[in-house]
Amino acid sequence: MNQSMKRGILLETLTDYQRRTGFMWDSLPHAGGFHTSPGLNAKATPDGRLLPFYGDTVIFTLPPEMIRWLTSVQDDLYAACGDYLAQRLLPETFHITLHDLQNSPNGWPSGLPGNQKRARLLLQAARETLPPEVIVRSNCVFSMAGTSVVMGFEPAQDSDCRVLMSLYRAFQQIRPLNYPLTLHATLAYYRPGGYDQVECALLRDALDQLGRERREWRLRLSELHY
């Protein structure tokens, strides 16, 4: 990705974000099946057991009422297509990722102490200079990168988008990512493997029906954590 593209991603307006993330609304193929991402094999076994996975990230922890709502969506998801999903993620682990840093399936990455020090300084600066909260709006449940089923979100207003893009840009200083911010909360991982046309259609129908009531939620910068 060239530098001009990176700058464009980091300076997205709300309209830009909505245009780019339109894939949320139609995230699985209409014909044929699909195969999960090879990277999923580091997180789950073919029979759905979650594997140890190590790393660090910057996340918004969520208010209790938001966790309860996501849990109800997760319940409906597993009722509709649980045979294709890995073991459940615990509701208390639900979060919205702002920026991933390092990860590994084989133990703690070596750069974590330095990341932690820099992240804490950036978090302190953000809380001192940016508005105390942002508002996000839920979109829909969608298939994310061939690995997981997630609830997607967007900034509620341009002002919220500016704050979130500013935060994302700040943490790019620690570990630059080559993909833009796509707000989401992971509800489940797939079981690794291939899904045929019938199975894919069942998954697509379930995703089309879940979580379509759009809701707004306040995320406080005091609940943004390394």
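1. Cavities. The model holds two cavities of 30 Å³ or more. A cavity here is a set of points on a 1 Å grid over the protein atoms alone where a 1.4 Å probe fits but cannot get out. Points are joined across faces, edges and corners, and a volume is the space filled by probe spheres set on the points.

2. Basis. This is a predicted model: local features need pLDDT of at least 70, side-chain atom pairs count only at pLDDT 80 or more, and totals for chains, interfaces and linings use all residues. Residues are numbered from 1 along each chain as its sequence is written, and side-chain values use heavy atoms, with hydrogens and water left out.

3. The largest cavity. Its volume is about 70 Å³. Lining residues have an atom within 4 Å of a point. Among those of the largest cavity are Met24, Trp25, Asp26, Arg204, Asp208 and Arg212. Helix H6 (residues 197-209) gives the most, with three residues. Helices (H or I, at least four residues) and strands (E, at least two) are DSSP runs, numbered from the N terminus. By class, this lining has five nonpolar, one polar and four charged residues. Ala, Val, Leu, Ile, Met, Phe, Trp, Tyr, Cys and Pro count as nonpolar, Asp, Glu, Lys and Arg as charged, and the others, Gly among them, as polar.

4. The largest pocket. A pocket is an open set with protein on both sides within 12 Å along at least five of seven lines. The largest one has about 1,400 Å³ of space. Its lining takes in 40 residues; Lys43, Phe53, Thr97, Asp100 and Tyr189 lie nearest its centre. Strands E2 (54-61), E3 (95-104) and E6 (184-189) each give two or more residues to this lining. E3 gives the most, with eight. The classes are 21 nonpolar, 15 polar and four charged.

5. Strand E6. E5 (residues 148-155) runs antiparallel to E6, joined by five bridges; strands pair if DSSP finds at least two bridges between them. Val150 stands opposite Thr186 in E6.

6. Helix H3. Residues 64-81 make up H3, and its 18 residues should span 26 Å at 1.5 Å a residue; the end C-alpha atoms are 26 Å apart, which agrees. The expected span is 1.5 Å times one less than the number of residues. Buried residues of H3 include Met66, Trp69, Leu70, Gln74 and Cys81. Their cover includes E3, E5, E6 and H6, with contact meaning heavy atoms within 4.5 Å.

Note on methods:
Buried means under 20% relative accessible area, exposed over 50%, partly exposed in between (1.4 Å probe, protein chains only).
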